[in-house]
Every structure is written in structure tokens, then in C-alpha cells.
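Subject: A structure to look at, with notes

Hello,

Here is the structure I promised to pass on. Please have a look at it, and then read on for what turned up in it.

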Amino acid sequence: MKTKTLSLIIGATLVAAAVLTAGSCGNRSGKKAAITSANQLTEAVINYPIPTAYEVTNLINRAGVAYIIGITNPPAKAESYLTEFDKAINMGVYGADLAYVTTYNMKQETMDYMKVLRKLVDELQISTNFNTELARKVESNIDNKDSLINIISQSFYDTYNFLINNGKDDMSIMVLVGTWVEGLYITSMAANTSLQAADMLMIVANQKASLNTLVEILDAHKESADIAKLRQLLDPIITEYGKVSGAVSAEQSLQIGTVIEGIRSQLVK
């Protein structure tokens, strides 16, 4: 049962981190409509894998969208996160930020976000590879993006593994929400400043499918007060995507960006 639960959280986190689903996302949404239990949701996530945050930010990079200075959550703000809730949420936020800066070969920023993630991992008492050895490996591979992504990705898998095997499901979902919100925020900001409007608008539109999956995950854990709070926090973006049918217009993309920015501001403070 632990293996299935781990697959759910790892798969769900990829859902959250991703900002683009495969072209068949419409069919997936229809198939997922019948999901009524946590076990069915587990199977759905396993059977319908989607791109990771690294794959998607690389897609944005290849589309010719310039790196946006100042868009990520400043590492220094980690000092102000005092509760487990805020630390877990922003561990997810910083994870998405790490994917973004690494994809764009921002070397100093990569080291900065690795450092802040290690701080949060330690404070949340997560016993994984986010340690001095990992920092050494990252520093040694800072000029090799592919190796760097593999090293960091494995460390995140280890982190989720620890959370699930130690009864920290709620914490893993908090990380998930933080990653998803930051991923959509970065994507919507990129879309609204990009010359590649059609491609970027498609990415924003396809995020509706991952939002649906995220809501299912939250609803399956709604007995937790923290998870219920996050579910309510997402209501405005759920409403906004409810207006989307197929493609997203430039005007809708701007509104989605405004809504997700408002939600993000309540999480990163």
C-alpha cells in the first residue's frame, strides 16, 4: 500500500510541477471524471504520467521566452517561514523555482535555491540526500545541465519517499500545492510577456487538466484542516478555469495570471 501511495504523491507532484499536459489532455479529463476514490486516483496518476517541471520550463526556454529576472520567490524570505505549513508550502515553491533557474543555466541562483531547500528540509526534519554531499555534487555538475537535473530530481524523489514512508502525507500535499501554484505563476507570467503567444497560451490552457487532478487529490484528503484551507484557497483559480473551454485567449491568460498571483501572494507572503 505504501508503494501505491508513494506513486500517487510522486505522480501528483509531477502534475503540480508541470504546466503542460500531453495533447490528449482532453481525453484524460474525461476518463478521470469517473474517479471516486483515492485508490482509483492512484491508478489514474500512474497510468497518465505527465512532464516534470524541468521538461516544461525547458519547453518554455526553447520557445524563446526570456528568463524573467525577479519572478521567483527570493531565497532570503525563507527566514520568515516559521510554521510547518509555511515551510512545506514554500519548499514546493522553491522546488519550482529551482527547476526554472536550472533550466535557464542560472548557476548562482541554482546554488542559492539548493541552499534554501536544504534549510527547509532540515527544519522539517526530512532525512534525505539534501545534505553536504548533494551540494557538492550540484556544484561539481553546475556546468552540465542534464546531469544537474538528474541529481536534483533524484533528491526530490527521495524526499517524497521519506514523507510517505513516515506518515507525512499532508506535508507532501502542501509541497505539491506550492509547486503547482509557483509553476502556474511562472508560466502565466512568461505567457503574458512572450512573443510566442500561441504556444504559451496553449500551455496555460492545458494547465486546466492538472488543476482538476490537484483538486481531486485535495478532496481525497479534505479531513485535514490544512488541506481544506488550501482547497479553499484555490477556489478563485478553479472558478477562472471553469470559464475555459479549449483554447485560452490573451485576455483570459491575463486574468489567470492575476488570480494565481493573488493566491501565490498568500503563500509566499
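Two aromatic rings of Phe, Tyr or Trp count as a pair if their centres lie within 6.5 Å; planes under 30 degrees apart make the pair stacked, over 60 edge-to-face, and the rest tilted. Please keep in mind that this is a predicted model.

**Aromatic rings**

By that rule there are four aromatic pairs. In one of them, the ring centres of Y67 and Y100 are 5.0 Å apart and the planes meet at 20°, so this pair is stacked. Y67 is in the loop between α4 (53-62) and α5 (84-103), while Y100 belongs to helix α5, so the pair ties together parts that are 33 residues apart in sequence. Y100 also pairs with Y104: here the centres are 5.1 Å apart and the planes are at 55°, so this pair is tilted. Both Y100 and Y104 are buried, and for Y100 the relative accessible area is 2%. Together, Y67, Y100 and Y104 make up one aromatic cluster.

The charged end of K229 sits over the ring of F85, 4.3 Å from its centre, and R264 lies over the face of Y185, 4.1 Å from the ring centre.

The largest nonpolar core has 72 residues, and W180, L230 and I237 have the most contacts inside it. Helix α9 gives the largest share of this core, 14 residues.

L267 brings us to α13, where the buried residues include L267, R264 and I260. This helix covers residues 250-268, 19 residues in all, and reaches 26 Å from its first C-alpha to its last, close to the 27 Å expected. Its buried residues are covered by elements including α5, α9 (169-191), α10 (197-219), α11 (225-233) and α12 (235-242). After α13 comes K269, whose phi is positive, near 50°.

**Two loop residues**

Which loop residue between α5 and α6 (107-123) is worth a click? N105 lies there, and N105 has a positive phi of about 60° although it is not a glycine. N105 is partly exposed, at 47% relative accessibility. Q125, in the loop between α6 and α7 (132-140), likewise has a positive phi of about 60° without being a glycine. At 65% relative accessibility, Q125 is exposed.

**Salt bridges**

How many salt bridges does the structure hold? There are nine. One joins the side chains of K87 and E123, at 3.3 Å from N to O. This pair links distant parts of the chain, with K87 in helix α5 and E123 in helix α6, 36 residues apart. K87 is buried, with a relative accessible area of 14%, whereas E123 is partly exposed at 33%.

E123 also forms a salt bridge with K119, with the closest N and O atoms 2.5 Å apart. K119 and E123 are four residues apart in helix α6, so about one helical turn separates them.

R231 and D219 meet in another salt bridge, at 3.0 Å from N to O. That pair links R231 in helix α11 with D219 in helix α10, twelve residues apart. Finally, salt bridges that share partners join E79, K87, K119 and E123 into one network.

Enjoy exploring!

Best wishes

Technical notes: Residues are numbered from 1 along each chain as its sequence is written. This is a predicted model: local features need pLDDT of at least 70, side-chain atom pairs count only at pLDDT 80 or more; totals for chains, interfaces and linings use all residues. Side-chain values use heavy atoms; hydrogens and water are left out. Rings of Phe, Tyr and Trp (its six-membered ring) pair if their centres lie within 6.5 Å; planes under 30 degrees apart count as stacked, over 60 as edge-to-face and the rest as tilted. Buried means under 20% relative accessible area, exposed over 50%, partly exposed in between (1.4 Å probe, protein chains only). A charge sits over a ring if NZ of Lys or CZ of Arg is within 6 Å of the ring centre and within 35 degrees of the ring normal. The expected span of a helix is 1.5 Å times one less than its number of residues. Contact means heavy atoms within 4.5 Å. A nonpolar core is a set of buried Ala, Val, Leu, Ile, Met, Phe, Trp, Tyr and Cys residues joined through side-chain atoms within 4.5 Å. A salt bridge is a side-chain nitrogen of Lys or Arg within 4 Å of a carboxyl oxygen of Asp or Glu.
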